[in-house]
Every structure is written in structure tokens, then in C-alpha cells.
Amino acid sequence: MIKRTQPPRWASRLLEWFCADHLLEEIRGDLEERFQKNAALFGERSAKREYVANVLGFMRPFAWKEKSSTPLYTQIMISNYFKIAFRNLVKHKGYSSINIVGLATGMTVAILIGLWIYDELSYDKYHKNYDRVAQLLQYQTSNGNEFAEVAMPFPLGPELKNKYGSHFKYLSMATWTGDNILSFGDKKMNKKGNFMEPDFPKLASLKMIHGSEDGLKEQNSILLSESTAKALFGETDPVNQLMKINNKLDVRVTGVYEDLPYNTEFRELEFISTWALFVSSEPWVQRARDQNQWGNNSFQIFAQIADNTDFETVNKAILNAKLNNVADDEKKYKAKIQLHPMSEWHLRSNWENGIQTGGAIEYVWLFGVVGVFVLILACINFMNLSTARSEKRAKEVGIRKAIGSVRGQLISQFFSESLLVVLIAFALSLVMVQLSLSWFNEVADKKIEILWTNPFFWIAGIGFSLFTGLIAGSYPALYLSSFQPVKVLKGTFKAGRFASMPRKALVVLQFTVSVTLIIGTIIVYRQIQHSKNRPVGYNRDGLVMIQMSSPDFYGKFDLLRNELKSSGAVEEMVECSSPLTGVWSNSGGFQWQGKDPELDADFATVWVTHDFGKTVGWEFKEGRDFSRDFSTDTSAIVLNEAAVRFMGIKDPVGQTVKWGSDKDAPNFKIVGVIRDMLMDSPYEPVKQAVYMLSPHNVNWIVLKLNPAKSASESLAGAEKVFKKLIPAAPFDYKFASTEFASKFDAEVRIGKLASVFAGLAIFISCLGLFGLASFVAEQRTKEIGVRKVLGASVFNLWKLLSKDFVMLVLISLFIAIPVAWYFMNDWLQKYDYRTDISWWIFAVAGVGSLFITLLTVSYQAIKAALMNPVKTLKSE
Amino acid sequence: MKRIYLGEFEEIVLLTVAVLGDGAYGVSISDAIEEQTGRSASLSAVHAALHRLQEKSMLHSRMGEATAERGGRRKRLFTVTALGNRTLNEIRTVRNRMWDSISPQNFPAVSI
């Protein structure tokens with residue numbers, strides 16, 4: 001037998017690779033024939049050479065594998081996949097809706113949280129020089145603790161400008177943004193504003209609508225925000241109009257700037273007037289300037305660093321800018337001046353002992369994690385239901401394969417089904433987000449909108465949908481499509497004993513997360529409630545506070561008090577230096593007998609008028625209140641319990657306290673000790689405080705409304721008196737109880753959001769459970785029928801079907817409880833005044849979730865148990 | 001009348017298929033062209049031309065029998081369709097008419 005020569009294999013391979021299938025046979029045949037002839041005539045080598053040349057010759061378009069020969073076919077197939085997928089969805093409406101609703105809920109939560117995080121992270125980015133602007137910050141050490149604060153001494157401003165000027169592009173001193181009365185003609189209104197230097201508009205890159213950002217260079221000028229200008233001037237051109245601040249400062253409007261967006265730190269800045277005007281109008285500020293008071297930390301400084309430097313360099317340079325200048329006895333505070341970059345203002349502004357400990361960034365993390373978990377829960381549902389369902393479809397796979405489907409087609413079929421579900425869910429979630437956004441904004445105190453035009457939003461959303469669809473679809477697509485049709489159709493196919501293991505594990509994970517969230521929510525609420533119920537040491541009922549924001553309020557104490565009291569609207573009126581819900585003044589330099597010389601005698605200092613105690617209802621532990629009967633009470637002092645503890649003295653009443661170290665420093669006699677009165681943070685211990693009498697050093701009027709009348713009636717009466725006696729100022733009051741409640745805003749907000757998310761988490765989990773339970777019940781119909789025939793009771797069957805799920809929930813309880821305890825205990829640590837985690841919280845969460853589980857599962861279990869066995873066993 | 005365009009090589013291939021009758025397939029056509037015209041026609045060129053002619057509906061094809069020298073692969077046999085026949089005739093008529101209208105003194109090519 002003659003051994004036939006063979007053409008070069010690689011050339012044949014090449015031909016097979018590029019040549020269209022329907023041409024391959026004839027071409028290869030022709031080439032082979034020619035090759036054999038050539039080999040016989042001219043020898044093998046020459047034949048091979050020509051064969052290769054011929055193969056290469058066929059590399060022309062007509063012979064190429066045509067990509068375009070399949071499109072019509074694929075198109076039809078793909079539309080067929082979706083048609084079948086859609087029919088499947090419609091056929092199993094229950095499963096489909098559970099799947100879609102669960103997934104859409106999860107996606108809604110994730111999108112809301114995503115938008116929230118995006119908003120938090122883009123805080124202050126409105127300002128063009130976002131990454132070069134900073135606020136000056138100082139660290140001071142007192143009684144062994146390092147405190148960070150943004151309040152700065154006056155001389156630091158000029159010092160930075162003169163000695164460190166090359167590091168800064170812009171510098172602006174400022175006071176504190178607060179309520180001021182703006183008036184134009186007859187119009188008066190309270191607007192929040194600040195007094196700043198001409199650099200500020202450039203530093204904050206304010207967008208000027210009218211006038212110039214250099215307007216502040218003129219001492220008596222004011223810049224208004226757009227909405228303030230509208231409110232004051234309506235449609236008339238505000239520029240160059242003359243108006244008044246607090247009824248005493250004449251200013252000219254030199255510019256109007258675009259309102260600052262809600263997610264900026266300066267969002268409350270409704271007007272800006274000049275720092276120079278502020279200094280010229282406040283004698284205490286002039287004193288701070290003229291006497292170089294390095295110890296008087298009362299102002300803010302904002303800065304933009306020079307273009308050629310960075311924060312680190314500037315921080316190094318200015319570290320001792322204050323320390324180098326303070327008096328010797330203040331060196332012990334070790335003042336360090338640093339920059340607090342704008343990018344950290346919102347998210348990282350907590351310090352503990354001189355170390356930055358985060359801030360709102362913790363909530364970003366917290367909610368980020370919650371969002372991811374809720375989304376995972378929804379995906380788990382989706383996966384569990386589609387895997388559970390898919391076993392039912394084994395027969396379908398068998399038939400499809402027998403008819404001639406190849407595996408690739410089955411894979412595409414299952415993937416297109418899961419993609420369809422995910423895409424429907426995504427569309428639904430967009431609708432749900434749109435609907436819930438106003439509610440969400442209200443709870444979260446945000447002004448968020450869906451980023452319809454942001455490509456990143458769409459990439460993330462659609463990318464996630466595809467990802468979920470692929471993950472969830474992968475099990476049926478890859479596993480089911482590998483079945484052998486013979487086995488499946490013959491009925492010998494059985495899912496293994498452990499086929500449901502991953503599903504069970506996922507259910508456990510779901511309930512672990514849900515229960516953890518629920519326990520967390522309960523503890524957050526407990527903590528809020530605990531702090532709200534904290535004894536405050538005075539009686540908030542009917543207390544109304546009015547800030548004395550213009551000079552018109554002063555010198556009218558007796559007149560006001562008499563008129564108000566005689567009007568019957570008000571039971572008592574007093575004045576004091578701080579609102580009841582905040583301490584405005586802290587002072588050091590107190591001396592007493594037996595004082596440890598190392599101790600920094602730093603006290604909250606509150607000045608009040610007579611009858612303050614009676615009005616707010618503080619409680620005396622020892623001694624007596626200030627009294628009009630003792631003329632010497634002008635140098636009397638009342639302490640709180642914390643102060644007595646802090647001073648370490650026994651029998652405080654009758655002892656003297658000296659304020660200052662000079663010879664002629666004033667002496668105060670302690671006349672009484674009150675129970676701690678909570679004025680600052682409800683989460684922290686009450687600070688040591690001293691209360692002194694002063695008719696001058698006051699900023700607030702406190703009214704005790706007549707309890708016999710309704711609050712609105714009393715307020716109307718009070719307003720009449722105020723309008724008569726102080727016509728120049730708007731009657732702007734605050735309820736002490738509302739102000740107190742607003743201290744919980746952040747926590748209440750977190751609590752509300754957390755409870756909604758926890759609720760949704762459990763909802764999603766139960767939805768999944770419901771689906772699984774009905775699936776299991778359906779699968780075991782025959783078994784249940786046989787059991788019933790043999791005499792099982794409904795209760796037996798219910799127990800049989802519910803047992804498995806209850807077990808799973810019990811397991812997740814055992815995991816969730818320690819996890820929740822660990823994290824919540826950690827969270828509570830940051831509050832000094834905190835609730836304890838008692839066992840009943842876990843019990844409630846555990847029993848609650850078991851109850852919900854049983855409720856969910858029982859419906860299906862009882863439905864299955866009540867079925868007529870004749871019907872279920874009839875068909876085989 | 002719709003003008004049907006044939007390239008020179010296409011025309012030769014079409015003629016060759018007509019010449020070969022029942023036995024026209026890639027290799028035989030390529031061989032026949034070489035024989036008839038003395039120029040070598042690569043297999044790929046022939047296949048490409050056959051493909052184009054088939055697209056123009058001038059050729060019809062069917063799969064033939066397999067032979068051993070082809071490694072057991074079948075050959076694709078071509079026959080000229082009616083349209084192909086008419087086209088060839090038309091070309092021939094046009095050419096003849098043109099030849100006939102050349103005046104004798106302008107016949108340098110024939111006067112050897």
C-alpha cells in the first residue's frame with residue numbers, strides 16, 4: 001500500500017479556521033486533489049509549497065467565515081428566549097412577583113443609600129477651591145486632655161497675615177453664623193449671617209449675581225444671598241440700597257450671591273457683612289484686638305492656602321503661631337494651630353483627646369454596609385427562588401435537549417430569564433426611589449435628586465443589574481443545562497441530599513442580617529429614649545426663649561416684666577446669658593480654698609437675673625436661691641453638683657470663690673448648690689457650672705407662660721407686649737422643649753432610617769421564606785397526601801413543614817445575637833450617658849422574628865395540609 | 001434590457017464550465033483554463049469567480065460524488081443556467097457584430 005503524502009497540517013488547519021463551513025468541503029477537496037496531482041508530478045516539496053500558496057490565496061472575503069450569516073437567526077433566538085422567559089414569568093405570577101418585588105425593594109434601598117452616600121461625599125464640593133480651603137483649628141491641653149476647637153483668638157488673624165502671609169492665598173476672620181435682624185424700610189426679618197473679611201467671597205468662590213465680590217472692602221457694606229435679597233427687596237434692584245443690621249448698623253448692599261446649596265457647610269449663610277463693621281460695633285472685640293488677648297478664643301478663621309504649597313507644609317509652619325505669643329501662664333495649654341481642610345469639615349470633625357475620630361463618615365460606612373446587606377438579602381431571595389424553581393424545570397431541560405437544543409442555547413435561555421427579572425426589578429426600583437425620595441429627604445434632612453443625567457449612576461445601576469442577573473442565573477444556567485436528557489426524562493434524576501444546603505445557608509445569612517438590624521434599631525431607639533428621659537434638673541414646660549438680638553431689648557427689663565405679668569400671658573420673666581439649651585460661656589481662673597494648683601478651674605459660667613431659679617424650676621440640694629431680699633447677692637454664686645464634685649470641697653455653702661488672680665479680683669460667696677441642670681449635650685455628663693447674678697451680662701429673655709392659658713393664647717399676649725415696647729425687633733421665640741428635642745435630631749434621623757431599613761430587610765427575608773415555603777409545600781404534595789391518608793393531623797403536617805424553617809431562623813438568632821451585641825456595645829461606648837443592653841431586647845427580637853417566620857411559613861403549610869389527598873394522589 | 005456585466009476572467013470561467021459540461025468543478029475548470037488559454041489560473045481565483053457567477057445566477061451547482069484523491073470529499077459540480085447561456089450568447093453576438101463592422105483596411109491585427 002502506498003503511503004499517501006499529506007498536505008501540511010497547519011495550512012489545512014488555517015483553512016478550516018478562516019473558511020466558511022459551507023465552502024470548506026469543496027475547497028479542501030479541490031486543494032487535496034491538486035496537491036496529490038502536484039505531488040505525483042513535481043514532488044512533495046513543490047506540492048506542499050503550492051498547497052500553502054493556494055490556501056493563502058483563499059483568504060479572500062467570499063470564503064471567510066461570515067459573521068453576518070447568523071444575525072437573523074440569533075436575533076430570532078434571542079427574542080424567543082425573552083418570549084419564553086416572559087411566558088414563564090406570567091405563568092408563575094406568584095413567584096415572579098415575589099422575585100421582582102423583593103429585588104426591587106432591595107435595589108430601592110441600595111439606590112437611596114447610594115444617593116445619600118454620594119451626597120455626603122460631595123458635601124462642600126460646590127466651592128471651587130474645595131481642596132485648598134481650610135478652617136483654623138487649635139489643640140489645647142487641659143487637665144491632661146487635649147481638646148480640639150475652632151474658636152481662635154483675635155490676634156492670630158493679623159499674626160497669620162503678617163508673619164505667615166506667604167502660605168495663604170486668602171484669609172478671613174469671621175464671627176459665628178447666627179440670627180441677625182435685617183431691616184429695610186418697614187420690612188424686618190431674622191436672617192442667619194456672618195461678618196467676614198473681603199477675602200471670603202473669593203475663598204468660598206461665591207457666584208455673584210449682582211454687584212461685586214469685592215463689595216466687602218467697604219466697611220459699611222453687606223452681601224445678600226439671592227433668596228434674602230428677594231425677601232427684602234422683592235423685584236427691585238437690591239444693589240446700592242441702604243438697610244440696617246440689628247437696627248443699629250447702617251449698611252449698603254454691594255452684591256447678591258447665588259444661594260449656597262443645601263449640601264454645603266455654609267448653607268445657612270444668608271448674608272455676609274464686613275468684619276471691620278463687626279469690630280467697630282462691638283467693644284469687647286476691640287478690647288480683644290487692642291489688648292492682644294491671645295487667651296480669648298472667640299472667633300473663626302478661614303483660609304485658602306497658597307497655590308504652591310500643601311496643607312502639611314502650612315501645618316508645620318503655623319504649628320506654634322499661638323504658642324509663641326501667649327503669656328507664660330498660658331503656655332501650659334500647649335496650643336497647637338492646625339488647618340482643618342474643607343474636605344474633612346463634614347465627614348471628619350470629631351476629636352477625642354487630640355486625635356481625629358471620624359464623625360459623619362461613620363454613618364456613611366454604617367449605611368453603606370446596611371445598603372450592601374439589604375441588597376445581598378434581595379439577591380439571595382432571587383437566587384434561592386430561581387434555584388428552587390429550576391429543579392422543577394429539569395424536565396423542560398430534558399425535552400429541550402431531546403428536541404435538539406445545545407447547551408449554549410439552554411444557558412442563554414436561563415440567563416435571559418434572570419436578566420429579564422432583574423431589569424424589570426431595576427425599572428421598578430427607579431419608580432420606587434422616585435416616589436420615596438421626598439419622604440427620604442425629609443427623614444434624612446437632605447435635598448437629594450436622582451442623578452438621571454449622571455452616566456456613572458446608570459453604569460452602576462445597569463452594571464449591578466447585569467451582575468445580579470448573571471450571578472443569580474448562573475446556577476440554573478450552568479447546572480441545569482448539564483443534565484442528561486435520558487435520565488431526566490426517565491425520572492431517575494434526583495437532586496442530591498445536599499442540594500438544598502446552600503439555600504439553607506443563604507436563608508440563615510438573611511435572617512442573621514435582618515435580626516442584627518432589628519436589634520440594632522431597638523438599641524438606637526432605647527438610647528434616644530434613655531437620653532430624652534434623662535433628668536434635666538429643671539422644668540421645661542411652658543418655657544420660651546427670646547434672643548436679645550438688637551440693642552432695643554436692653555434696659556427695658558422692669559418695663560417688660562411688669563407689662564408681661566400684668567397682661568396675664570406670662571407667669572414670670574427673667575434674663576440670662578445663655579439659652580437654656582446651651583452654654584455660651586466658659587471661663588477659667590477661679591480660686592478657692594484647698595484648690596489643687598495644677599487644676600485648670602474651667603467652669604461653665606451663666607449669668608442670670610432674680611427669679612431665674614423659680615422660673616425654670618431648678619432644684620436646690622443645699623442653700624438658697626438668689627433673693628431680692630439680700631442686696632449682697634450681687635456677689636453671690638450658685639453652683640451645680642458637678643461643680644462641687646469638681647472643686648472637691650465639703651460644705652460649699654458659705655465658702656468664697658475668687659475669680660481671677662489679681663489682688664482686687666472679685667470674691668463670690670456660695671449661697672446654694674442646685675441639682676445638675678442639663679444645658680449642653682444630653683449624651684455627656686453635665687459640666688461644672690457657676691450661676692451669677694447680673695442684669696447686664698444677658699443675651700436671652702426667658703418667659704414662663706401662664707399655665708392656665710393655652711400656649712398660643714399666651715404667646716399672642718406676649719407678642720402684643722413685645723410689639724408695643726420693642727417695635728423694632730421681630731418677635732422671634734423658641735420653645736425650650738423644642739430646642740431640647742432638636743439635640744436628638746441626628747440620632748432620631750439615624751433611628752428612623754435604620755428602622756425603615758431593618759423593616760425592609762425583614763420584609764425581603766420573609767418574602768423569600770414565603771416563596772421557599774410554598775415551593776417546599778408544592779414539592780411535597782404527594783408526601784402530604786400519603787401522610788394524610790395514613791392519619792396525620794393538620795397540626796402534624798404544619799409542624800412537619802414549619803420545623804425546617806424555624807430551625808434555620810433559630811440558627812441565625814444564635815449568630816445574630818452576639819454579633820449585634822458586639823457592634824451595638826461598641827456604638828454605645830461613644831455616649832457617656834448611655835442605656836444598657838438588656839437581655840429582653842434580644843428576647844423581643846428573637847421571639848418577634850420567630851413569630852414572623854411562623855406566620856409566613858404557616859400560611860403555606862396549612863394550605864398544603866388542608867388539601868384533599870384524593871386530589872393530590874389521583875394523578876400519577 | 002438589464003445590462004449584465006461579466007469580467008473577462010468570469011467570462012472565461014463561464015465558458016469553461018460550458019465547455020466541460022457535466023464535469024465542471026474547481027480543479028477541472030482550473031486545469032481546462034490552463035489548457036485552453038495557456039495561462040495559469042489559481043484555484044482560489046477560480047473559486048472566487050465561480051462564487052460570483054453563482055451569485056449572478058449564471059451558474060447552478062450541486063454536490064457531486066466523493067473520490068479518493070480528494071481525501072473522500074465531495075466536489076461541487078457546476079452547470080450553466082439559462083441566464084448564463086443567454087449572457088454568453090449576447091456577449092458573442094455583440095463581439096461578432098463588432099468584428100463584422102471593422103473595415104478591412106483597419107485590420108492590422110489580421111494581416112500578418
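The structure shown in every view is a predicted model.

**Figure 1. Lining of the second largest cavity.** The residues that line the second largest cavity are A:Thr781, A:Ile784, A:Gly785, A:Lys788, A:Ala864, A:Met867, A:Asn868, A:Pro869 and A:Thr872. By class, the lining of this cavity comprises four nonpolar residues, four polar residues and one charged residue. Two helices of chain A, α25 (781–789) and α28 (869–874), each contribute at least two residues to the lining. The largest share, four residues, is supplied by α25(A).

Figure 2. The largest cavity is lined by 21 residues, of which A:Asn99, A:Ser386, A:Arg389, A:Arg393 and A:Glu417 are the closest to its centre. Two or more lining residues come from each of the elements α4 (71–91), α5 (93–121), α13 (361–392), α15 (407–444) and α16 (455–480) of chain A. In the lining of the largest cavity, 10 residues are nonpolar, eight are polar and three are charged.

**Figure 3. Domain division of chain A and its nonpolar cores.** Chain A is divided into domain 1 (9–68), domain 2 (133–345), domain 3 (362–530 + 745–874) and domain 4 (543–738). Between the C-alpha centres of domain 2 and domain 3 of chain A the separation is 53 Å. The largest nonpolar core has 96 residues, and those with the most contacts inside it are A:Trp116, A:Leu580, A:Phe612, A:Trp618, A:Met677 and A:Tyr691. Domain 3 (362–530 + 745–874) and domain 4 (543–738) of chain A each provide at least three residues of this core. Another core, of 43 residues, lies apart from the largest one and includes A:Phe168, A:Leu249, A:Val251 and A:Trp275.

**Figure 4. Contacts of A:Met677.** Neighbours within four places in sequence are left aside in this view. A:Met677 is in contact with A:Val536, A:Gly537 and A:Tyr538, and also with A:Leu580, A:Phe612, A:Val616, A:Trp618, A:Val686 and A:Tyr691. A:Met677 is one of the residues with the most contacts inside the largest nonpolar core.

**Figure 5. Surroundings of A:Tyr538.** A:Tyr538 is located in the loop between α18 (501–532) and β16 (543–547) of chain A. The relative accessibility of A:Tyr538 is 7%, and this residue therefore counts as buried. Not counting residues up to four places away in sequence, A:Tyr538 touches A:Leu543, A:Leu580, A:Thr581, A:Val616, A:Gly617, A:Trp618, A:Met677 and A:Leu678.

**Figure 6. Surroundings of A:Ala317.** A:Ala317 belongs to helix α11 (residues 311–318) of chain A. A:Ala317 counts as partly exposed because its relative accessibility is 29%. With residues up to four places away in sequence not counted, A:Ala317 touches A:Tyr164 and A:His167. The C-alpha atoms of A:Ala317 and A:Gln338 are separated by 9.3 Å, and these two residues are 21 residues apart along the chain.

Notes: Residues are numbered from 1 along each chain as its sequence is written. Chains are lettered from A and ligands numbered from 1 in the order in which they are written. This is a predicted model: local features need pLDDT of at least 70, side-chain atom pairs count only at pLDDT 80 or more; totals for chains, interfaces and linings use all residues. Side-chain values use heavy atoms; hydrogens and water are left out. A nonpolar core is a set of buried Ala, Val, Leu, Ile, Met, Phe, Trp, Tyr and Cys residues joined through side-chain atoms within 4.5 Å. Buried means under 20% relative accessible area, exposed over 50%, partly exposed in between (1.4 Å probe, protein chains only). Domain bounds come from an automatic or database domain assignment. Contact means heavy atoms within 4.5 Å. On a 1 Å grid over the protein atoms alone, a cavity is a set of points where a 1.4 Å probe fits but cannot get out, and a pocket is an open set with protein on both sides within 12 Å along at least five of seven lines; lining residues have an atom within 4 Å of a point. Ala, Val, Leu, Ile, Met, Phe, Trp, Tyr, Cys and Pro count as nonpolar, Asp, Glu, Lys and Arg as charged, and the others, Gly among them, as polar.
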